[in-house]
Amino acid sequence: IIPVFFEVEDGALKLPQVISSGGIDGVLILGDQNPTIYSKLKKMGIPFVVLDSHENNTAGVSMNYKKATYDSIKYLIDIGHRDIAIISNGELHELNVYIIGGFQNAMKESGIAVLPNRMQINANSEESMEKCIKKALDGPKMPTAIFCAIDAYSINVIGYLNKNGIRVPEDISVMSIGDYQLSKNMIPAITTMCIDKHRIIMEGLGMLENLIQGKKAKSKLLELELIVRDSTAPPKKKK
């Protein structure tokens, strides 16, 4: 297994030498990549499997982000939350569609109305992230919970809330998707839906081995596991 990186040279995608030379048996591709990569590999006849991507036209191992979001919101509802905000990134279109879909399904199924400002989907930079947080908190009362598309957003949200004297989880619960190493070491540690990276790689390697042997490889959709930590708790009871 040799790690490689795809580069752009003079506006054109350039395959690494180890791939373009044809000296490899197959390729594991992590995350969403330029579609040109897939077409070039197909043209060269090099088997490949895409991991944790939203590409639907190639063999791959994907995560069920829609259900992960649904399960997250249901968890928050089950512990008493009714006013829940969501922060996502509209530039990651496919992921955003899954995240918003899961959120809306869980809220609708539970008969809970969502205030328009509670849905913030333009967190694509540090500056826009802060704007999204401010908008999500706006109103006569703050939400009791914030769900973030990825752990990195939760880390930013917790930092912003702490800076402004808003306690987590006493005032607002925060959770997300990812299970980053840093998420475990945060204070408070972040409740999250765990992406099993080891399983993704092992499933991908198994699929790639089949392709190399000339066999078919069926794409897989993996479920995520809820990891409850200190950043979530039932909402404060009204006095």
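This is a predicted model: local features need pLDDT of at least 70, side-chain atom pairs count only at pLDDT 80 or more; totals for chains, interfaces and linings use all residues.
User: How many salt bridges?
Analyst: The count comes to 10 salt bridges. A salt bridge is a side-chain nitrogen of Lys or Arg within 4 Å of a carboxyl oxygen of Asp or Glu.

User: Which residue does Lys-67 bridge to?
Analyst: Lys-67 pairs with Asp-71, and the closest N and O atoms are 2.8 Å apart. Both lie in helix H3, 4 residues apart, about one turn of the helix. Helices (H or I, at least four residues) and strands (E, at least two) are DSSP runs, numbered from the N terminus.

User: What does Arg-118 pair with?
Analyst: Arg-118 forms a salt bridge with Asp-83, at 2.8 Å from N to O. Arg-118 lies in the loop between helix H4 (93–109) and strand S7 (119–120), and Asp-83 lies in the loop between H3 and S6, so the pair ties together parts that are 35 residues apart in sequence.

User: Buried or exposed, those two?
Analyst: Arg-118 is buried, with a relative accessible area of 1%. Asp-83 is buried as well, at 14%.

User: And where do Glu-203 and Arg-199 lie?
Analyst: Both are in helix H8 (residues 197–212), 4 residues apart, about one turn of the helix. Glu-203 counts as buried at 18%, whereas Arg-199 is partly exposed at 38%.

User: Switching to helices. At what angle do H3 and H4 pack?
Analyst: About 35°, with the axes 7 Å apart. Axes are lines fitted to C-alpha atoms, for helices over the stretch in contact, and angles run from 0 to 180 degrees between N-to-C directions. H3 passes H4 in a right-handed crossing. A crossing is left-handed if the near helix is turned anticlockwise from the far one by less than a right angle, and right-handed if clockwise.

User: What classes of residue make the contact of H3 with H4?
Analyst: By class, 10 nonpolar, 4 polar and 3 charged residues. Ala, Val, Leu, Ile, Met, Phe, Trp, Tyr, Cys and Pro count as nonpolar, Asp, Glu, Lys and Arg as charged, and the others, Gly among them, as polar. Contact means heavy atoms within 4.5 Å.

User: How do H5 and H6 cross?
Analyst: The axes of helix H5 (residues 126–137) and helix H6 (residues 151–163) come within 10 Å and cross at roughly 65°. That crossing is right-handed. The residues that meet include Met-129 and Ile-133 in H5, and Tyr-153 and Val-157 in H6.

User: How many aromatic pairs?
Analyst: The count comes to 1 aromatic pair. Tyr-38 and Phe-48 are stacked, 5.8 Å centre to centre, with 10° between the planes. Rings of Phe, Tyr and Trp (its six-membered ring) pair if their centres lie within 6.5 Å; planes under 30 degrees apart count as stacked, over 60 as edge-to-face and the rest as tilted. Both Tyr-38 and Phe-48 are buried.

User: Which peptide bonds are cis?
Analyst: The bond from Val-168 to Pro-169 is cis, with omega near 10°. The bond from Ile-187 to Pro-188 is cis, with omega near 0°. Pro-188 sits in the loop between helix H7 (181–185) and strand S10 (191–194).

User: Last one. What does Ile-79 touch?
Analyst: Ile-79 touches Ala-233, Pro-234 and Pro-235, not counting residues up to four places away in sequence. Ile-79 and Ala-233 are 154 residues apart in sequence and 7.1 Å apart in space, C-alpha to C-alpha.

Technical notes:
Residues are numbered from 1 along each chain as its sequence is written. Side-chain values use heavy atoms; hydrogens and water are left out. Buried means under 20% relative accessible area, exposed over 50%, partly exposed in between (1.4 Å probe, protein chains only).
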